[in-house]
Amino acid sequence: MSKFVEDRQIVVPGEVLAEGDFRLGENVYRNGNRILSTMVGLTRIDGERLSVIALHGFYMPQNDDIVIGIVNDVGLTHWVLDINAPYPGILRANETPGRPFDPTRHELLDELKIGDMVIAKVLSFDRTQDPALTLKESGLGKIKDGVVVSLTPSKIPRLIGKKGSMLNIIQQKTGCQIIVGQNGRILARCGDKTKEDLAIKIIKVIEMEAHMSGLTNRISRLVETERTKEVG
Amino acid sequence: MLSKLIDENGIRTDGRKLDELRPVKMEVGILKNANGSAYFEQGKCKILAAVYGPHEAHPRHLALPDRAIIRCRYHMAPFSVTERKNPAPSRREIELSKVIREALEPLVMCELFPRTMIDIFIEILTADGGTRCAGLTAASLALADAGIPLRGLVSACAAGKVDGKIVLDLNDKEDKEGDADVPVAFIPQMNVFSLLQMDGLMTAEDYKSALSIALQGCRKLYEMQIEALKKKYLETKVEENNQ
């Protein structure tokens, strides 16, 4: 068993990470005895487990993910949502809170129109069928205020940080409420234009610098300098 | 009477040695609206590649239940050649789109996202021989840039016979006036040739040596591809250290 890369090293598709009996994490594959990367990303070595954290990727829905979707189409009994994934999200009328849906009496357009944004949860997805979404939980539903920012979905874990550390810093220091969709869309509710701009700026910095170490400290410093500017 | 393509010192019309590639420039992530993109220059060839997807397959009947499908369009801009080219897809472009798609298919892990579609667009901005290989190299970079899971990278390069000598990476003049041309695409990780064509006449011996120098060219391009992909992210790193 031998490793050819160090932890947190940039690799490209097809680059050999190791040879031998390692466990496979995400974005790697085995070819004979060798373990290769499938993505441009940073290596991650946890003991015997090798994985690659993608630097740029697309969102693949997973059960119980919170996503931010945009209504694309309204059917008789369901909405079709763009959830920034290879598959459209299907939100059935019965998955909205409130009274049971009756197509003879209720009109879907009264609730959500094309272009509306919602915070939804993935009920079930297995690649053979389009992901089914639900709004039947607290915190889910139509977005009425705030601003939605996009980010490469593979960088969402960096935005959240270890046990939510990064997200806490941003929320505390900007005073915004931030809701992260796993599909790379982030809702910031600030109620104030300056705070909103700062939140967007921070999210963009995270996107640019997600692959570098010491990110949390840099973000803290960024917030401090922005604040001094405001006061001055 | 055709002009001489290789002089007595073994130097070609553009000043290269027999086994020398044209100067190469690669850059990834240059188109904002594409999921992945690459710009590739090889001598006078200038190529733009863009990748969109994976996305929902349209028209729906094309979707496959067990894997993603790849659509590829190789297209030469009307201004890419000296005589204006009709922008409608020609017989040659349709064929090249097909062989490029087939050369990329073993690379992409299509089985990971069934029922979807990946679109690859290769636009030849300036053509000067060897555009199918250059287009393929650029498309492979754009796919990697799009964050689509790949088994490796494909690099492609032509070799051929010009004035009775085996040369690497033919330009337009050598391609047209030379004796033969062998475009080769190679995937180093899988040890697989994903494209191998030949146009012209060659002996079996010539063919073997052409293949071997084409392979050397592919390996050189492969190193440059890795560098170009890493450069996009390393640059931000360097900027940060300078601050």
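## Two helices of chain B

In this predicted model, helix α1 (residues 91–104) of chain B packs against helix α2 (residues 131–145) of chain B at an angle of about 45°, and their axes are 10 Å apart. Helices (H or I, at least four residues) and strands (E, at least two) are DSSP runs, numbered from the N terminus. Axes are lines fitted to C-alpha atoms, for helices over the stretch in contact, and angles run from 0 to 180 degrees between N-to-C directions. α1(B) and α2(B) are therefore oblique to each other; angles under 35 degrees count as roughly parallel, over 145 as roughly antiparallel, 65 to 115 as roughly perpendicular and the rest as oblique.

From α1(B), the contact uses B:L96, B:I100, B:A103 and B:L104, while α2(B) brings B:R132, B:G135, B:L136, B:A139, B:S140 and B:L143. Two residues are in contact if their C-beta atoms, placed from the backbone, lie within 7 Å. Sorted by class, the contact of α1(B) with α2(B) has seven nonpolar, two polar and one charged residues. Here Ala, Val, Leu, Ile, Met, Phe, Trp, Tyr, Cys and Pro count as nonpolar, Asp, Glu, Lys and Arg as charged, and the others, Gly among them, as polar.

## Conventions

Residues are numbered from 1 along each chain as its sequence is written, and chains are lettered from A and ligands numbered from 1 in the order in which they are written. Because the model is predicted, local features need pLDDT of at least 70 and side-chain atom pairs count only at pLDDT 80 or more, whereas totals for chains, interfaces and linings use all residues.

## Where the chains meet

Chain B and chain A each put 25 residues into their contact. On the side of chain B that touches chain A, β3 (45–56), α2 and α4 (204–242) of chain B each supply at least two residues. The most comes from α4(B), with eight residues. This side of chain B has 12 nonpolar, seven polar and six charged residues.

## Chain A as a whole

Chain A has four helices and 17 strands. Its C-alpha atoms fill a box of roughly 65 × 55 × 25 Å, taken along the principal axes. Of the 232 residues in chain A, 38% are buried, that is, with 20 or more other C-beta atoms within 10 Å of their own, the C-beta atoms being placed from the backbone.

## A three-stranded sheet in chain A

One open sheet of chain A has the strand order β15-β17-β16, with antiparallel pairing. Two strands pair if DSSP finds at least two bridges between them. β15 (147–150) and β16 (177–180) of chain A are at the edges with a single partner strand each, so one side of each is left without a neighbour in the sheet. From one strand to the next, the twist averages 25°.

Four bridges join β15(A) to β17 (residues 185–189) of chain A. A:V147 is opposite A:A188, and A:V149 has A:I186 as its bridge partner. β16(A) is also joined to β17(A) by four bridges, with A:Q177 opposite A:R189. The hairpin of β16(A) and β17(A) has four residues between the strands, and A:G184 takes a positive phi near 90° there. Helix α3 (residues 193–209) of chain A lies across β15, β16 and β17 of chain A and runs at about 15° to β15(A).

Methods. A residue is buried if 20 or more other C-beta atoms lie within 10 Å of its own, exposed if 12 or fewer, and partly exposed in between; C-beta atoms are placed from the backbone.
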